[in-house]
Amino acid sequence: MFLTQKHLVIQEIDKVLADYPEHPYQAAFSIEELRQKLVNHVLKHIPADCKVMEIEQKQLKKPNSLFLTKEQRLRIDVLIRGSILHLLRENADWIGHRIHQANN
C-alpha cells in the first residue's frame, strides 16, 4: 500500500478533530461532504515544504516521519484548525440543517 499526501492529511485531521468537542465539530465533520471539503481545503493550502511524494507504507516506521520537523507538523496542525473554523463559518446554516436532520 502506498501512502499519499491525502492519506497523511486525513490522519492529521483525525488527530486534530479528536481534540474538539463532539458537538458541533466532530458531528459536523462526520458529514461526508463537509469532511471532503476539509481534506481538499487542507491539501490546497498545505505549504510546499510539507508536501510529500507517494511512499510505500512498509518503508515507514511511523507515517508522521514524512513531516520531518516539529515546525512542519505544527504548520499542518494550524492549517487544519484554521480550515475547520473557516468551513464551519462558511457552511454554518447547511451544517445546522444537516445535524438537525440527523438528530430527527
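The following legends describe close-up views of one predicted protein model.

This is a predicted model in which local features need pLDDT of at least 70 and side-chain atom pairs count only at pLDDT 80 or more, whereas totals for chains, interfaces and linings use all residues. Residues are numbered from 1 along each chain as its sequence is written, and side-chain values use heavy atoms, with hydrogens and water left out.

**Figure 1. Overall arrangement of the chain.** The chain contains five helices and two strands, which follow one another along the sequence in the pattern β-α-α-α-β-α-α. Helices (H or I, at least four residues) and strands (E, at least two) are DSSP runs, numbered from the N terminus. Of the 104 residues, 37% count as buried; buried means under 20% relative accessible area, exposed over 50%, and partly exposed in between, with a 1.4 Å probe and protein chains only. Among the contacts with a separation of 6 or more, 79% are between residues 24 or more positions apart, where contact means heavy atoms within 4.5 Å.

Figure 2. Helix H4 spans residues 70–90, which makes 21 residues, and reaches 30 Å from its first C-alpha to its last, close to the 30 Å expected at 1.5 Å a residue. The expected span is 1.5 Å times one less than the number of residues in the helix. Its buried residues are Gln72, Ile76, Leu79, Ile80, Ser83, Ile84, Leu87 and Leu88. Seen down the axis of H4, these buried residues fall within an arc of 160°, so they line one face of the helix; the arc is that of the directions from the helix axis to the C-beta atoms. An α-helix has 3.6 residues a turn, so residues three or four places apart point the same way. The face of H4 turned away from the buried side carries the exposed residues Lys70, Glu71, Leu74, Val78 and Arg89. The cover over the buried residues of H4 includes helices H1 (5–18), H2 (22–28), H3 (32–45) and H5 (92–103).

Figure 3. H1 has 14 residues and reaches 20 Å from its first C-alpha to its last, close to the 20 Å expected at 1.5 Å a residue. The buried residues of H1 are Gln5, Leu8, Val9, Glu12, Ile13, Val16 and Leu17. They cover an arc of only 165° around the axis, which puts them on the same side of H1. H1 and H4 pack at an angle of about 65°, with their axes 10 Å apart. Axes are lines fitted to C-alpha atoms, for helices over the stretch in contact, and angles run from 0 to 180 degrees between N-to-C directions. H1 and H4 are therefore roughly perpendicular to each other; angles under 35 degrees count as roughly parallel, over 145 as roughly antiparallel, 65 to 115 as roughly perpendicular and the rest as oblique. H1 passes H4 in a right-handed crossing. A crossing is left-handed if the near helix is turned anticlockwise from the far one by less than a right angle, and right-handed if clockwise. At this packing, Glu12, Ile13, Val16 and Leu17 of H1 meet Ile76, Asp77, Ile80, Arg81 and Ile84 of H4.

**Figure 4. Helix H3 against helix H4.** The axes of H3 and H4 are 10 Å apart, and the two helices pack at an angle of about 130°. That makes H3 oblique to H4. The crossing of H3 past H4 is right-handed. From H3, Leu34, Lys37, Leu38, His41, Val42 and His45 meet Leu79, Ile80, Ser83, Ile84, His86 and Leu87 in H4.

Figure 5. His23 and Pro24 are joined by a cis peptide bond, with omega about 5°. Pro24 belongs to helix H2. Most peptide bonds are trans. Ala28 also has its place in H2 and is buried, with a relative accessible area of 0%. Leaving aside neighbours within four places in sequence, Ala28 is in contact with Leu34, Leu88, Ile95 and Ile99. The C-alpha atoms of Ala28 and Ile99 are separated by 7.1 Å, although these residues are 71 residues apart along the chain.

Figure 6. Ser30 is found in the loop between H2 and H3 and is exposed, with a relative accessible area of 56%. Ser30 and Ile99 are 69 residues apart in sequence and 9.8 Å apart in space, C-alpha to C-alpha. Ala102 lies in helix H5 and counts as exposed at 62% relative accessibility.
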